[in-house]
Amino acid sequence: MDIQTITDKINYKTAQVQKLQTEIKALETKKTQLENEEIINVVNGANIPISELKNLLTSLKERNGTI
């Protein structure tokens with residue numbers, strides 16, 4: 001192999017890595033969005049007013065040592 005061939009392979013692999021990193025970031029964003037929607041659905045399903053949610057979570061944390 002010559003230097004140009006290796007340089008071309010490095011550039012190709014670098015582009016692949018960048019593409020995968022972009023895809024991973026998009027997937028992480030989507031995962032976070034779905035987790036947040038799930039939390040909201042649970043809170044709404046339990047009919048917990050948002051104003052009381054913080055107090056409820058704090059009391060659960062104090063009782064169990066963690067959430």
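Here are a few friendly notes on the predicted model above.

1. Some ground rules. In this predicted model, local features need pLDDT of at least 70 and side-chain atom pairs count only at pLDDT 80 or more, while totals for chains, interfaces and linings use all residues. Residues are numbered from 1 along each chain as its sequence is written, and side-chain values use heavy atoms, with hydrogens and water left out.

2. Overall shape. The protein chain has two helices and zero strands (DSSP runs numbered from the N terminus: H or I of at least four residues for helices, E of at least two for strands). Its radius of gyration is 23 Å, well over the 11 Å from the globule rule for 67 residues, so the chain is more spread out than a compact globule (taken over C-alpha atoms; the rule is 2.2 Å times the number of residues to the power 0.38). The C-alpha trace spans about 65 × 25 × 15 Å along its principal axes.

3. Helix α1. This helix has 43 residues and reaches 62 Å from first C-alpha to last, close to the expected 63 Å (1.5 Å times one less than its number of residues). Just after α1, Asn47 takes a positive phi of about 55°.

4. Asn11. This residue sits in α1, residues 3–45, and is partly exposed, at 48% relative accessible area. Asn11 and Thr58 are 47 residues apart in sequence and 51 Å apart in space, C-alpha to C-alpha.

Definitions and conventions: Buried means under 20% relative accessible area, exposed over 50%, partly exposed in between (1.4 Å probe, protein chains only).
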